[in-house]
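Please look through the sequence and the model shown here before reading on. The paragraphs that follow go from single side chains to the ligand and then to a pocket.

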Amino acid sequence: MSEAFDALVVGAGISGLYQTYRLRKAGFSVRAIEAAPDVGGTWYWNAYPGCRVDSPANIYQYWFSQELLDDWNWSERFPAQPEIKSYLQHVATRFDLYRSIELETRVQSAQWLADEGCWRVITDTGKTYTARYLVSCVGLLSTPKMLSFPDQQSFKGQVYHTARWPQHPVDLKGQRVGVIGNGATGIQVIQTLAPEVSKLTVFQRTPQYAVRMKNYKVDEQTMSAWRADYPEVSRLVHTTFGGFTWDPAEEGHAATLTPDQRREVYEDCWADGSLKMFVGTFPETLVDPEMNAELTEFVRDKIRAQINDPALADKLIPSSHGYGLKRVPLENGYYEAFNRANVELVDVSASPIEGFYDQGLRVGGMDYPLDVLIMATGFDAGTGTLARMGVQGRGGLSLSELWGRDIRTTLGLQVHGFPNLFLIGGPLSPSAAFCNVQTCVQQQIGWVTDAITHLRESGHRTMEPTFEREEEWVQHHDEVANATLMVTVDSWYTGANIEGKQRRLLSYIGGAHVYRELCEEIQANGYPGFQLT
Ligand code: NA7
């Protein structure tokens, strides 16, 4: 027996909630399928110590309801994970979304049935659903990269991955804790645990450039200002390069300034204490090695000033790549944590981790005793979750096999060979990494909802991009990507963090505003390059 809906939404995080809301509002029958026991997606799973958002709360929100903000209070400029999870739960309750969501259910396979013109979805709870439209809202950072080392079973302590952190409190006070990974996640863990544990051992493979976060409490006055600004800000974020309220300087402007004047711009961005330091300086810093070197030196000086021991500073400051060519993390005491006597940095680049022994980890012949090992080792980003979902399109075409060879999409929204499959936050769109996720996924959800509504109104059953249109987008994406220095650096942005993954910049870097205009143009012109049957 199968249950039939107009649309199935996979995931009930930021995108899944809004997609469910929009499709229901447009009059479609919808079921959202969510693996976790509650809504929230990434904000449900990443319950690790110190987890917080690094986009300001006044833009990390939904844009469809002023009333939602009117009866919600943010407590900080950059709220911690429990608060964002509560916000998303509040949204699900306020808009009565829970009744459309099947929790603790994971999609095991999704198959396009050409004759019936629908998707058949089978879950791990043994249910079968059919739906004309399948919308993936699985999130771009949802499949953790798990490491396994020799003799793990001999280790008597606990091992946690940050993205599968227990929902109950884990008391680490006075414990000997090890952390592998110092991306945005590891940095938050390290700076939070350093004062609390007896010994913190950080196993670092590559150092990071992190920017000091300027967080503050949000009082009633600030909340009132945010509410008053809501209409203007909701318009503004859709007009900028990264979905924020600021933009980088105009192209060419940097060349008209002296080094001292450019330094003033860097200082201004640094003082903002936000990702403005990542996407708000000069666009040339991402494409011109000399400009990148200038900005890199500025950031290196800022970091060096925080570390007491110059030899340690050399280990904590990257030398193999320039600033801003990987996702820039924000920090609040990360470098200073290494000034503490109970924090030790272990370089695992030259001598990699050999494996566990019963009391801890062994590196380069040395034993590091631990009670707990935390893996902050990242994700199989963008493609990881969908590629594991058993998606089969026309003629049994496997998405996993396709992306195993070639990660391709049409504007990150659809894939040739997979009719009526829509992606939110899909690879090769700005929302896959280069955009304030709330801005970009809401724009995509609007587009997808309008496209599905158009199909209904025009009497069509299916929508699929042509191969030629897809090829055109992939080539354009690559051209824009390959003009940047980002493609020269190993990170989750380039797929280099996952063995065997195709190396391609995951996210479109031509600008969220440019992308939005393109999407609008496609819609206005009746979806050229997409086959409607
Ligand atoms: P990231 O940014 O992918 O960071 C993962 C970290 O784990 C990074 O420091 C890696 O070092 C390290 N890592 C991964 N595998 C290994 C092995 N085998 N040995 C040692 N170290 C390893 O993930 P995050 O969760 O921090 O952040 C992801 C995004 O979430 C972030 O960019 C924000 O957008 C929010 P490496 O650099 O590969 O040498």
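The side chain of Thr 143 is in polar contact with the side chain of Thr 385 at 2.6 Å, where a polar contact is a pair of N or O atoms within 3.5 Å, within protein one atom must be able to donate a hydrogen and the other to accept it, and residues adjacent in sequence count only if both atoms are side-chain atoms. The structure is a predicted model, in which local features need pLDDT of at least 70 and side-chain atom pairs count only at pLDDT 80 or more, while totals for chains, interfaces and linings use all residues. Residues are numbered from 1 along each chain as its sequence is written, and side-chain values use heavy atoms, with hydrogens and water left out.

Thr 143 is placed in the loop between β6 (128-136) and β7 (158-161); helices (H or I, at least four residues) and strands (E, at least two) are DSSP runs, numbered from the N terminus. Thr 143 counts as buried because its relative accessibility is 11%, given that buried means under 20% relative accessible area, exposed over 50%, and partly exposed in between, with a 1.4 Å probe and protein chains only.

Glu 104, in the loop between β3 (101-102) and β4 (107-113), has a phi near 50°, a positive value in a residue other than glycine. Tyr 527, in the loop between α16 (512-524) and β20 (530-532), likewise is not a glycine and has a positive phi of about 65°. Are these residues buried or exposed? Glu 104 is exposed, because its relative accessible area is 55%, whereas Tyr 527 is buried, with a relative accessible area of 2%.

Lys 199 belongs to strand β9 (residues 199-204) and is partly exposed, since its relative accessible area is 27%. From C-alpha to C-alpha, Lys 199 and Glu 401 are 44 Å apart in space, and they are 202 residues apart in sequence.

We turn now to the ligand. Around the ligand there are 18 residues, of which Asn 182, Thr 185, Arg 205, Thr 206 and Trp 492 come nearest; a residue is near a molecule if one of its heavy atoms lies within 4 Å of it. By class, this shell has 7 nonpolar, 7 polar and 4 charged residues, where Ala, Val, Leu, Ile, Met, Phe, Trp, Tyr, Cys and Pro count as nonpolar, Asp, Glu, Lys and Arg as charged, and the others, Gly among them, as polar. An oxygen atom of the ligand is 2.6 Å from an N or O atom in the side chain of Thr 185, and a nitrogen atom of the ligand is 3.0 Å from an N or O atom in the side chain of Lys 145. A polar side-chain atom of Trp 492 lies 2.9 Å from an oxygen atom of the ligand. The ligand taken alone exposes 780 Å², of which the protein buries 84%, with accessible areas taken from the Shrake-Rupley method with a 1.4 Å probe.

The lining of the second largest pocket has 24 residues, and Phe 241, Pro 248, Glu 251, Pro 283 and Ile 509 lie nearest its centre. A pocket here is an open set of points on a 1 Å grid over the protein atoms alone, where a 1.4 Å probe fits, with protein on both sides within 12 Å along at least five of seven lines, and lining residues have an atom within 4 Å of a point. By class, the lining of the second largest pocket has 13 nonpolar, 7 polar and 4 charged residues.
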